[in-house]
Amino acid sequence: MEPGTRRTGLGKKMVEEVFRWARQSSMPMMLDWQATEESISFYASFGLEADFVGDFPQCPGFTLDLRPKT
């Protein structure tokens with residue numbers, strides 16, 4: 001996001017809408033993305049944990065797994 005749009009609630013609304021869409025989908029899915037270190041606390045506020053394993057540890061990964069538990 002552009003610096004002037006930070007802390008306005010726009011990012012939170014966007015992420016909440018993506019999560020809502022994914023949860024309502026008729027097809028189980030897993031969302032997986034990489035972010036910046038500066039955004040760790042933002043995604044943690046959704047209950048997600050940063051994953052620093054991979055080719056780019058400076059860009060932590062996050063996962064929202066909506067697949068049925070077996």
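These questions and answers go through a predicted model of one chain.

Me: What pattern of helices and strands does the chain follow along the sequence?
Reply: The chain holds two helices and two strands. Read along the sequence, the pattern is α-β-α-β.

Me: What percentage of the residues of the chain count as buried?
Reply: A residue is buried when its relative accessible area is under 20%. The chain has 70 residues, and the share that counts as buried is 21%.

Me: Is S39 buried or exposed?
Reply: S39 sits in the loop between β1 (30–34) and α2 (40–44). The cut-off for a buried residue is under 20% relative accessible area. The relative accessible area of S39 is 13%, so S39 is buried.

Me: Which residue has its backbone oxygen 2.7 Å from a polar atom of the side chain of S39?
Reply: S39 belongs to the loop between β1 and α2. A polar atom of the S39 side chain lies 2.7 Å from the backbone oxygen of T36.

Me: How many salt bridges does a search of the whole structure find?
Reply: One of the salt bridges joins E16 and K12, and another joins E17 and R20. D65 and R67 also meet in a salt bridge. For the whole structure, the search gives three.

Me: What separates E16 and K12 in helix α1?
Reply: The side chains of E16 and K12 form a salt bridge, at 4.0 Å from N to O. E16 is partly exposed at 39% relative accessible area, and K12 is partly exposed at 46%. Helix α1 covers residues 10–24, and because E16 and K12 are four residues apart in it, their separation is about one helical turn.

Me: How far apart are the closest N and O atoms in the salt bridge of E17 with R20?
Reply: E17 and R20 are both in helix α1, three residues apart, about one turn of the helix. E17 is partly exposed, with a relative accessible area of 40%, and R20 is partly exposed, with 37%. In their salt bridge the closest N and O atoms are apart by 2.4 Å.

Me: Which residue meets D65 in a salt bridge?
Reply: D65 is partly exposed, with a relative accessible area of 30%. Its salt bridge has an N to O distance of 2.8 Å, and the partner is R67.

Me: How far apart are the mean positions of the positive and negative charges of the chain?
Reply: The chain carries 8 positive and 10 negative charges. Among the residues in salt bridges are E17 and R20. For the chain, the mean positions of the positive and negative charges are apart by 10 Å.

Terms used: Residues numbered from 1 in each chain as written. Predicted model: local features only at pLDDT ≥ 70, side-chain atom pairs only at ≥ 80, totals over all residues. Heavy atoms only, no water. Buried < 20%, exposed > 50% of the residue type's maximum accessible area, 1.4 Å probe, protein only. Polar contact = N/O pair within 3.5 Å; in protein donor to acceptor, adjacent residues only side chain to side chain. Lys, Arg positive; Asp, Glu negative; His and termini not counted. Charge placed at Lys NZ, Arg CZ, Asp CG, Glu CD.
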